[in-house]
Amino acid sequence: MQARRPERIAGRQAPSAAVLLLGALVLTACGARPTPVHEFQFFAMGTLVEVTLANVENAPAQEARHAIEGLFRRAEDDWDAWRPGALARFNRRLAGGRPFAVDADLLPLLQGSSDASRRSHGLFDPAIGRLTELWGFHRDEPRGRPPEPEAIAALMRRPPAMSDLRWNGREVQGTNKAVQIDLGAYAKGYAVDLAIAHLRGVGIANALVNAGGDLRAIGRRGERPWRIGIRQPRSAGVLATLELGEDESVLTSGDYERFFMYDGKRYHHILDPRTGYPAQGAMAATVICRWAAEGDAASTALVVAGPTEWQAVARDMGIGQAMLIDSLGRIHLTEALRPRLRFTIDPESGIPMDMDPKP
Amino acid sequence: MTVADRWVVGAALALVAWLYVWSWGGSLGSDAGGSDAAGVVAEVVVAGLPGETIDLGRDGEVEVQGRMGPSRLLVQDGRVRFTASPCRNKQCIRSGWLAHEGDFAACLPNGVAVEVLGPERGLDAINY
């Protein structure tokens with residue numbers, strides 16, 4: 001009997017060990033419960049802006065929400081050439097033809113976009129604001145018919161380009177009356193970059209900011225990476241999905257974002273600075289890179305470049321991961337991007353083309 | 001190990017399994033009220049208002065007040081689409097039916113957007 005006693009003691013102790021184990025597991029499970037994910041949306045800069053924050057408590061999430069919405073509202077006023085803000089004032093002074101000092105807030109956008117324009121072989125060029133206006137693509141609802149060819153030809157007599165701005169330190173002088181700066185293909189990406197910088201500055205390390213085709217994500221969504229879908233250019237569905245790294249931007253430009261149909265033909269907002277007409281060779285381009293502003297310019301330039309030039313332009317803009325969907329719906333990919341995308345269709349056969357909306 | 005011990009350990013494992021589902025299942029604690037494991041929902045965002053979800057399992061019409069006026073949405077057979085909008089180009093209506101996770105249509109002039117969320121909300125954003 002005595003010999004069995006230790007066993008029984010051990011046996012009696014086993015339940016308490018199990019209870020301890022149980023307690024430890026309960027605590028572990030509770031400790032692992034993730035902090036809620038916060039999502040909020042608002043319309044700004046002509047698109048829907050969606051912000052998702054992970055592993056953030058409620059109070060800092062609400063503060064971040066106000067700060068980011070405020071940031072986009074200021075960007076909307078200041079960097080839109082057709083609102084009474086800093087860029088509109090800049091354009092008025094530029095038209096005057098005399099040298100003037102540029103606002104400190106506007107300077108990095110102008111210099112960054114000039115640099116991107118040069119590297120894009122001039123296919124992304126913010127100097128074409130007067131063309132944008134002539135086509136009516138500066139409004140949420142574009143006009144329903146193309147402008148007169150003579151009006152386009154008049155503006156293209158001396159094609160407007162960023163190289164028409166003569167810089168001297170912080171001072172600039174306009175040298176071509178046809179130039180008006182339109183930051184529509186740069187400012188949204190820049191605002192996304194500023195939003196991410198703000199979030200990092202307040203200690204938020206896991207966030208996704210999506211302003212339509214301009215997206216940047218940092219960190220992860222809880223236990224998994226951020227997952228995003230890239231839209232099909234000719235339907236409401238998703239063309240491909242991908243998981244993002246710790247700090248990446250995904251930028252898409254397409255002929256479906258702002259367009260009108262006239263006489264059975266699609267006229268979209270991505271104008272070719274070489275012709276003054278909507279770009280012809282591609283319906284969409286997606287790039288993945290670090291900075292959203294750079295990617296914004298690059299995705300626009302690739303649509304203009306089309307299937308023959310897109311790879312050279314991507315290379316010169318420092319973009320390694322890019323996808324182009326040409327005007328026939330064929331999908332072109334860089335080798336670096338190919339393994340990252342999970343397509344919802346067979347990429348070899350291109351996108352279904354029967355969804356093109358009728359006028 | 002006695003029978004009672006086995007019961008305790010068994011209960012512990014069951015509790016852990018339940019806690020796992022409770023903690024990690026569904027929408028990972030999203031405070032947008034986005035997903036419902038039972039059915040597919042769509043999120044409707046109207047300018048200036050918090051996003052709201054509509055159940056695509058319940059047929060009917062939804063009217064939302066945008067910046068320019070009312071936009072009408074039709075829910076039918078687990079799908080949703082714009083049927084009326086005060087905008088000029090009607091791009092939102094041309095987008096047609098939205099049925100699968102990530103399907104998205106927006107009327108930017110009127111400030112109304114609709115996105116189908118999956119049962120488990122596998123995608124965090126749509127790039128368009």
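Start with chain B: its secondary structure comes to two helices and eight strands (DSSP runs, with helices H or I of at least four residues and strands E of at least two, numbered from the N terminus). This is a predicted model, in which local features need pLDDT of at least 70 and side-chain atom pairs count only at pLDDT 80 or more, while totals for chains, interfaces and linings use all residues. Residues are numbered from 1 along each chain as its sequence is written, chains are lettered from A and ligands numbered from 1 in the order in which they are written, and side-chain values use heavy atoms, with hydrogens and water left out.

Trace chain B from the N terminus, and the elements run α-β-β-β-β-β-α-β-β-β. Of its 128 residues, 45% count as buried (under 20% relative accessible area with a 1.4 Å probe, protein chains only; exposed is over 50%, and partly exposed lies in between). Among contacts (heavy atoms within 4.5 Å) in chain B between residues at least 6 apart in sequence, 30% join residues at least 24 apart.

Now move to chain A and select residues 86-96, helix H3. Buried here are A:Ala86, A:Leu87, A:Ala88, A:Phe90, A:Asn91 and A:Leu94. They pack against helices H2 (58-78) and H4 (107-119) and strands S3 (100-101), S4 (165-168) and S5 (171-174) of chain A. After H3(A) comes A:Gly97, with a positive phi near 85 degrees.

A:Phe90 also belongs to the largest nonpolar core, which has 73 residues (a set of buried Ala, Val, Leu, Ile, Met, Phe, Trp, Tyr and Cys residues joined through side-chain atoms within 4.5 Å). With A:Leu53, A:Phe72, A:Trp79, A:Ile181 and A:Leu302, A:Phe90 is among those with the most contacts inside this core. Helix H8 of chain A (residues 292-316) supplies the largest share of the core, twelve residues. Apart from this core lies another, of 36 residues, including A:Leu48, A:Leu242, A:Leu337 and A:Leu341.

Select A:Leu302 next. Leaving aside neighbours within four places in sequence, A:Leu302 contacts A:Ala285, A:Val287, A:Trp310, A:Val313, A:Ala314, A:Ala322 and A:Leu324.

Finish with H8(A) and helix H7 (residues 187-201) of chain A, whose axes come within 7 Å and cross at roughly 160 degrees (lines fitted to C-alpha atoms over the stretch in contact, with angles from 0 to 180 degrees between N-to-C directions). The two helices are therefore roughly antiparallel (over 145 degrees; under 35 is roughly parallel, 65 to 115 roughly perpendicular, and the rest oblique). The contact joins A:Ala187, A:Lys188, A:Gly189, A:Tyr190, A:Val192 and A:Asp193 of H7(A) to A:Ala292, A:Ala293 and A:Asp296 of H8(A).
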